[in-house]
Amino acid sequence: MRLQSILAVLSMSIAASAQIPSGVVSLDSCRSMALSSNKQLMMSRQAIKTAHYQNREAFAAYLPALDFNGGYVYNQKDISIFSHDQYLPVKTFDPVKGSYEFSLVTNPETGMPVKGPDGQYIPKDVAYLPKDAMTYDIHNVFFGAVTLTQPVFMGGKIMAMNKITRYAEHLAEQINNSEAENVVYAVDAAYWMVVSLKAKQKLARSFVNLLDTLQHNVSLMVREGVATRSDLLSVDVKLNSAQVDLVKVDNGLSLARMALAQVCGLPVNTVFTLEDEDLDEATVSSEIARQYNMEEVYSRRPDLRALELGVDIAGQQKKVAMADMLPKVAVIGAYGFSNPNMFDGFAKRFNGAFSVGATVSIPIWHWGGNYNKYRAAKSEETIMKLRLSDARDMVDLQVSQAAFKAQEACRTYDMTSTNLAKADDNLRTANLAFREGVATTDNVMEAQTAWHKAHSEQIDAMIDVHLCDTYLSKALGTLQYQYQQPK
């Protein structure tokens, strides 16, 4: 048992390590891992399967239903047709009259029929029917029936239900696609956050190195008497602040890597290298335009397609409500059997017979219940149409805002690139002037601070370009990702 436990732990460790990426991981790889491990997507995939099976269930209503019902009953008493023995008068043929007449007891003297105490004539010949002969044993009764039911006309309900379930399956697919886009956007945000903090980590280290070099030079100048102790303290304060910022960036980068690993479905302590960690420029995949063909955008957006399917489902539900006010016709065939059976005088053996018929159900008066149900379904359809119209208006606004933000991000990135070049020149000039003795320590620190700020703004602008590009693609419905639909 101990060996089996060790092997089980090892196999689990191997399986877990197999999911951890090795080498350089791209953005597409992070998206694929997140799409395959996200719990919400797993549930939406199961919802697609559920809707598919419900559609198959609805289609089965077109076909005849075959059912078997059987049972057993124990009865305390037997069943008897007579309460006591019976004496039935019989007729004999009278040749004179040419018909059958009752044979009655006559008075020998008068020849007239004799009446009994009850005032009835006394039959001469009777048929004796004992009670026991008409008593049947029904203590143990077995029965069953095989029924075949074929709907002929159900007021259009079966057809409407088939369309509803088919639309529901497509709706589940569109919801799944919308969830996938949200996951991709979350992955992109976490991915570019890591890239941003990685770049800022390098920037913070470079800034610390610059200040450390300046601190070393100022220390030498203090020894030579060409700089004051106050200058050195100012540099020390700036260096300590830069080191604190470096620690914050290191911690933020660790937390950002944990968040990315969690989104990708990996253990939070997983460490892997991103493909874009050394990225130094921004690229745009979506075409940024001032106007878009909104009809094409509507057709690509899974959330709008889901609302359109909701309108279709509401329309079919209105037809289902209408079907409750229409006649319903079905054909029924059955074979029923029992033991004892009534076909052979309650013989204690199985026997049965076929029967075929039709049923018709016509609603006549339900105090307006069915009609009010129809009107409620019609109002629900109107609500869904208004919701779709409102969503389209929101998509118009969303696309406009996304395009505006993308344009602003690109312009900001261009300006930060220009500012960065100027900050580099400014820093070189300040360092040269400081070495020549025509610039103070404060001038150099100001140039270094401006250089650090320009680099930081350029990193933020670069990341903002990528995020705005992803958001614009999501708004336009053109977000590309590798994702295999469930079968």
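Glycine 144 sits opposite phenylalanine 337 of strand 11, a pairing found in a predicted model in which local features need pLDDT of at least 70 and side-chain atom pairs count only at pLDDT 80 or more, while totals for chains, interfaces and linings use all residues. Residues are numbered from 1 along each chain as its sequence is written, and side-chain values use heavy atoms, with hydrogens and water left out.

Strands and helices here are DSSP runs numbered from the N terminus, with E runs of at least two residues for strands and H or I runs of at least four for helices. Two strands are said to pair if DSSP finds at least two bridges between them. Strand 9 (residues 140-153) and strand 11 (residues 328-339) run antiparallel and are joined by eleven bridges. Strand 11 is also linked to strand 12 (residues 351-361), again antiparallel and through eleven bridges; glycine 333 has valine 356 of strand 12 as its bridge partner. On strand 9, a further antiparallel pairing of ten bridges involves strand 2 (residues 65-74), where leucine 66 faces leucine 148 of strand 9.

Threonine 135 belongs to strand 8 (residues 135-136). What does threonine 135 contact, leaving aside its neighbours within four places in sequence? The residues are Asp78, Ile79 and Ser80, where contact means heavy atoms within 4.5 Å. Threonine 135 counts as partly exposed because its relative accessibility is 27%; buried means under 20% relative accessible area, exposed over 50%, and partly exposed in between (1.4 Å probe, protein chains only). From threonine 135 to glutamine 398 there are 263 residues in sequence and 86 Å in space, C-alpha to C-alpha.

Attention now turns to the nonpolar cores. A nonpolar core is a set of buried Ala, Val, Leu, Ile, Met, Phe, Trp, Tyr and Cys residues joined through side-chain atoms within 4.5 Å. The largest one has 65 residues, and those with the most contacts inside it are Cys30, Tyr191, Leu260, Phe272 and Leu274. Several helices each supply at least two residues of this core, among them helix 2 (27-37), helix 4 (157-224) and helix 8 (369-436). Helix 4 gives the largest share, 16 residues. Beyond its neighbours within four places in sequence, cysteine 30 touches Val25, Val187, Tyr191, Cys264, Phe272 and Leu274. A second, separate core of seven residues includes Leu232, Val235, Phe434 and Val444.

The second largest pocket has a volume of about 210 Å³. On a 1 Å grid over the protein atoms alone, a pocket is an open set of points where a 1.4 Å probe fits, with protein on both sides within 12 Å along at least five of seven lines; lining residues have an atom within 4 Å of a point. Grid points are joined across faces, edges and corners, and the volume is the space filled by probe spheres set on them. Of the 14 lining residues, Ala199, Leu279, Asp280, His455 and Ile459 lie nearest the centre of this pocket. Helix 4 and helix 9 are the elements giving two or more residues to the lining, and helix 9 gives the most, with five.

Serine 456 is placed in helix 9. Serine 456 counts as buried because its relative accessibility is 17%. Not counting residues up to four places away in sequence, serine 456 touches Lys200 and Leu203.
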